Amino acid sequence: MIKKIKCLQCKKELEIDTKARFKRKYCKDCSAKRKKMWDNQWRIIIFDIKEMKRFWRGRLRAELRKLGFVMIQQSVWLSPYACEDLIALLKTDLRVGKEVIYLTTKRFDGDIWLRKHYRLT
């Protein structure tokens, strides 16, 4: 079912799917304009999900990609923006709570290319 709402920033009318898990609140133009502030900490997600939960592992990777994470290795993903609450919801929703670890760090070797990727330099 499609529902019409207004963008929270510019009040432009949006059409959203009521069955979608994450519902948009901003139009694409406003989403691109919204600046995220970096607090000089990296967020690292590490997971080890068993083969019998392959579907959930794939879903987790897809959701991390949508959230703007960058894959460092197959089961190591990184983002500069705070998202602990969202990751906690994902862990519960995908039933992978004990297999996923959320870390924060100020610096690590080789973070220069990531600063360039996220335009943080």
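Ile46 belongs to strand 3, which covers residues 42–47; helices (H or I, at least four residues) and strands (E, at least two) are DSSP runs, numbered from the N terminus. This is a predicted model, in which local features need pLDDT of at least 70 and side-chain atom pairs count only at pLDDT 80 or more, while totals for chains, interfaces and linings use all residues. Residues are numbered from 1 along each chain as its sequence is written, and side-chain values use heavy atoms, with hydrogens and water left out.

**Ile46 and its surroundings**

- Ile46 is partly exposed, with a relative accessible area of 31%; here buried means under 20% relative accessible area, exposed over 50%, and partly exposed in between (1.4 Å probe, protein chains only).
- Together with Ile101 and Leu103, Ile46 forms a nonpolar patch on the surface, and the three have about 220 Å² of accessible area together.
- Such patches are made of residues with over 30% relative accessible area and no salt bridge, like charges being joined within 9 Å and nonpolar side chains (Val, Leu, Ile, Met, Phe, Trp, Tyr) within 5 Å.
- The areas come from the Shrake-Rupley method with a 1.4 Å probe, and for residues only the protein chains shown count as cover.
- Across the sheet, Ile46 stands opposite Val76 in strand 5.

- Four strands make an open sheet in the order 4-5-3-6, with antiparallel pairing, where two strands pair if DSSP finds at least two bridges between them.
- At the edges of this sheet are strand 4 (70–73) and strand 6 (100–105), each of which pairs on one side only.
- From one strand to the next, the twist averages 25°; axes are lines fitted to C-alpha atoms, for helices over the stretch in contact, and angles run from 0 to 180 degrees between N-to-C directions.
- Strand 3 and strand 5 run antiparallel and are joined by four bridges, while strand 4 pairs with strand 5 (residues 76–79) in the antiparallel sense over three bridges.
- A hairpin through two residues joins strand 4 to strand 5, and across this pairing Val70 stands opposite Leu78 and Met71 stands opposite Trp77.
- In strand 5, Val76 and Leu78 point one way whereas Trp77 and Ser79 point the other way, and all are buried.

**Helix 2 and the chain as a whole**

- Helix 2 (residues 54–66) lies across strand 3, strand 5 and strand 6, and runs at about 170° to strand 3.
- The chain has four helices and six strands, which follow the pattern β-β-α-β-α-β-β-α-β-α when read along the sequence.
- Of the 121 residues in the chain, buried residues make up 30%.
- Among the contacts in the chain with a separation of 6 or more, 55% are between residues 24 or more positions apart, contact meaning heavy atoms within 4.5 Å.
- The chain exposes about 9,000 Å², of which carbon and sulfur atoms supply 53%.

**Charged pairs**

- The whole structure holds six salt bridges, each being a side-chain nitrogen of Lys or Arg within 4 Å of a carboxyl oxygen of Asp or Glu.
- Glu99 and Lys53 meet through their side chains in a salt bridge (3.2 Å, N to O), and this pair links distant parts of the chain, with Glu99 in the loop between helix 3 (84–93) and strand 6 and Lys53 in the loop between strand 3 and helix 2, 46 residues apart.
- Glu51, which is partly exposed at 45% relative accessible area, forms a salt bridge (2.3 Å, N to O) with Arg54, which is exposed at 53%.
- Arg115 forms a salt bridge with Asp111, their closest N and O atoms being 3.3 Å apart; Arg115 counts as partly exposed at 21% relative accessibility, whereas Asp111 counts as buried at 4%.
- Salt bridges that share partners also join Glu51, Arg54 and Arg57 into one network.

**Backbone angles**

- Most residues other than glycine have a negative phi.
- Arg95, however, has a positive phi of about 60° although it is not a glycine; Arg95 lies in the loop between helix 3 and strand 6 and is exposed, with a relative accessible area of 56%.
- Arg119 also has a positive phi, near 55°; Arg119 sits in the segment after helix 4 (112–117) and counts as exposed at 76% relative accessibility.
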